[in-house]
Structure formats: structure tokens, C-alpha cells
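Subject: Structure handover and findings

Hello,

Here is the structure I promised you. Please open it and keep it beside you while you read my notes below.

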Amino acid sequence: MDFAFILDPLPTLKAYKDSSVAMMRALAARGHRLCACEPADMFWDARGTRARVVPLTVLPDDVDWYRPGDPEERALADFSAVLMRKDPPFDMEYVYATYLLEAAEREGARVFNRPRAIRDHNEKLAITRFAEFIAPTLVSRDAERIGDFIDVHADVILKPLDGMGGTSIFRIRGDDPNRNVIIETLTHHGERTVMAQRYIPEIVDGDKRVLLIGGEPVPYALARIPKPGETRGNLAAGGRGEARPLTAREREIATALGPVLRAEGLLVVGLDVIGGRLTEVNVTSPTCFVEITQQTGFDVAAMFADALLRAC
């Protein structure tokens, strides 16, 4: 089969830990052909939705990890599947890319994760669909309402709806002298909607990344443990990753969400769970394949390849 990966620039990918690279290696090991492009390489004209793609040979070396072939122009519908793996920011160019991918779907392309599902699942707001699994939460841009929430819960996490990697996340206590300015800054004086969540003290034991592949949970989660003095477990914010078997609660959440999200065309999903509470539903380019595989021996990328081939 031929697979097209829509990625960030290839030289920027860190092969030693990149989940997209792990996916490509798993498919190549089974004899499938790979191409890559960036969102800017996609276009639509009278012939349909097409892209300037580069054929790839993937290598085991984590520094010199690929060999590019000669660029070629192809219809996206000609591929067995198209994998949308571009990292956020989820800006308007990202949205336009999903529109192009939807056009490709109408022409017969199989796209994972489905572009409409990516658009419909803001990675913060998606938890509101599963309120039985979340901590007390408020979504608002009203400073007074946010302040009242902080007064009630005393210890709160405040974050933008479009952040990634732990950027612009604040922990605010009720007596924090800077709380008003933090609210003003994050909401742009009431012009931007944010999320407030009651602080979950179990973050010290890790912000768990639970992976769903084809609606089924990977049996291990990656606990991203904050460094000393930090409230964010994100690896990008200096957290330490430790693979652990799923707890009963994490399996309960994954089992409840898996079939729902798979039915909407979300082949790979990363659930963030802290202290048994769902905090995010990541659908753009979920990671942690490599860390879990290295620490447990469970081949996450192979599970992905199996699910993808079944979906095709």
C-alpha cells in the first residue's frame, strides 16, 4: 500500500522520540510505501485535491533517518490512506488544511484522523462531552465568572483553549495577588475564552497520556511527572516520562471513550488523565509511542499499523 503523511518539515522531526517516525517505520517494515508532504504542499484545482509529495525511505538511524526521493505530484485519493500528523498550533491554516482534506475525502481518499473530527474536537473543550470523567471545570471569558470559580475551588488551573506543550498554563490560588492580571492576560481582557479547572493534586504522580488506537487502549500509559517546583507534567515543559500499566479508572475512561471517538474517524487519540480525571482529548498528532515502547516492550507503532491496515 501507499501512505501519505502530512507532517512538519522532515528535518525538524526528532526521530529518536517522534511518534510519526515510529508509525512510518512500522509501515515500512511491512513493505508499504511512504510519501511525505507539508500542509503547504496540498492544493485543489480542476483535477481535484493533490499534493507535491516526497517518496521516503526510512532508516533505523535516529540522526540520518530518511532518504528522500524525487518530488512528485499526486492526487490524495490515489493513496491507500492519508495520515494528518501536523503538530499544532491549530490556527486558520490548520483549518484550511482540514477543508482540503475533506475535499480529498469526497474524491475517495481515506484520511486519518478525519479532518472534520479534528476540527470538531478542540483538545481542551472535547472533555465537556464526557463530563462524568472530569474535574470541576469552567469555560468562559468573563473575568467575574472566572474569579467566582477560583473563589469556590481555591486552587485552580487556568489555560488557553489553543495551547500545547503546557504553554501559558497558570496555577492560581484564591489569595494569589496576581490573579486578576493573570485572568486579564489569558482572556485578553475578555476577548478570548479560556478553561478553568480545579487543581488536581495527583499531578505529582503524573499527567497520564492514555493512547487509543482504533478505539482500543494501549495497555500502558505514559505518566509525565513534573520536575520539582513545576505543576505541568508536559515533556515539553521538562516533565519526566514513566510508562505504567493502565489503572482500572484509566481503562474505564478509555473503554467508554474509545468506541465513540473511533466511530467519528479518530484512529489515534491521546487522552490526558490526572488522578483519574480526564483533562484533554488530543486528536491532532498524539505522541508517546516511542517512550512507551522503549520502557515496556509493547510495540505501540505495530498496534497502530494493524489498526490502520484494518481501516483501509
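Arg74 touches Asp2, Cys35, Arg50, Ala51, Val53 and Phe79, leaving out residues up to four places away in sequence. Contact here means heavy atoms within 4.5 Å. Arg74 sits in strand β6, residues 72-75. Helices (H or I, at least four residues) and strands (E, at least two) are DSSP runs, numbered from the N terminus. Is Arg74 buried or exposed? Arg74 is buried, with a relative accessible area of 16%. Buried means under 20% relative accessible area, exposed means over 50%, and partly exposed is in between (1.4 Å probe, protein chains only). The side chains of Arg74 and Asp2 are joined by a polar contact of 3.1 Å. A polar contact is a pair of N or O atoms within 3.5 Å; within protein, one must be able to donate a hydrogen and the other to accept it, and residues adjacent in sequence count only if both atoms are side-chain atoms.

A note on the source. This is a predicted model, in which local features need pLDDT of at least 70 and side-chain atom pairs count only at pLDDT 80 or more, while totals for chains, interfaces and linings use all residues. Residues are numbered from 1 along each chain as its sequence is written, and side-chain values use heavy atoms, with hydrogens and water left out.

Next, helix α4. The helix spans residues 143-153, and its buried residues are Ile146, Gly147, Phe149 and Ile150. They cover an arc of only 155° around the axis, so they lie on the same side of α4. That arc is taken from the directions from the helix axis to the C-beta atoms. Which residues are exposed on the other side of α4? They are Glu144, Arg145 and Val152. The cover over the buried residues of α4 includes β9 (137-140), β10 (155-160), β11 (170-173), α5 (179-187) and β12 (194-198).

Asp142 caps the N-terminal end, with a side-chain oxygen 3.2 Å from the backbone nitrogen of Glu144. Ala154 follows α4. Ala154 lies in the loop between α4 and β10. Its phi is near 70°, a positive value in a residue other than glycine. Ala154 is partly exposed, with a relative accessible area of 42%. Leaving aside neighbours within four places in sequence, Ala154 is in contact with Ile172, Arg173 and Gly174. Ala154 and Asp175 are 21 residues apart in sequence, and their C-alpha atoms are 8.1 Å apart in space.

Strand β12 holds Gln197. Gln197 is buried, with a relative accessible area of 6%. Its contacts, not counting residues up to four places away in sequence, include Phe149, Asp155, Val156 and Ile157.

Now a pair of helices. Two packed helices are described by the angle between their axes and the distance between the axes. Helix α1 (residues 19-29) and helix α8 (residues 300-311) pack at about 65°, with axes 8 Å apart. Axes are lines fitted to C-alpha atoms, for helices over the stretch in contact, and angles run from 0 to 180 degrees between N-to-C directions. Which residues make the contact? From α1 they are Ala22, Met23, Ala26 and Leu27; from α8 they are Ala301, Ala302, Phe304, Ala305 and Leu308.

Last, some backbone details. Most residues other than glycine have a negative phi, and most peptide bonds are trans. Cys288 has a positive phi of about 90° although it is not a glycine. Cys288 is in the loop between β18 (277-282) and α7 (289-296). Cys288 is buried, with a relative accessible area of 2%. The peptide bond from Pro88 to Pro89 is cis, with omega near 20°. Pro89 lies in the loop between β7 (81-84) and α2 (92-106). The bond from Phe112 to Asn113 is also cis, with omega near -10°. Asn113 is in the loop between β8 (111-112) and α3 (115-120).

Best wishes
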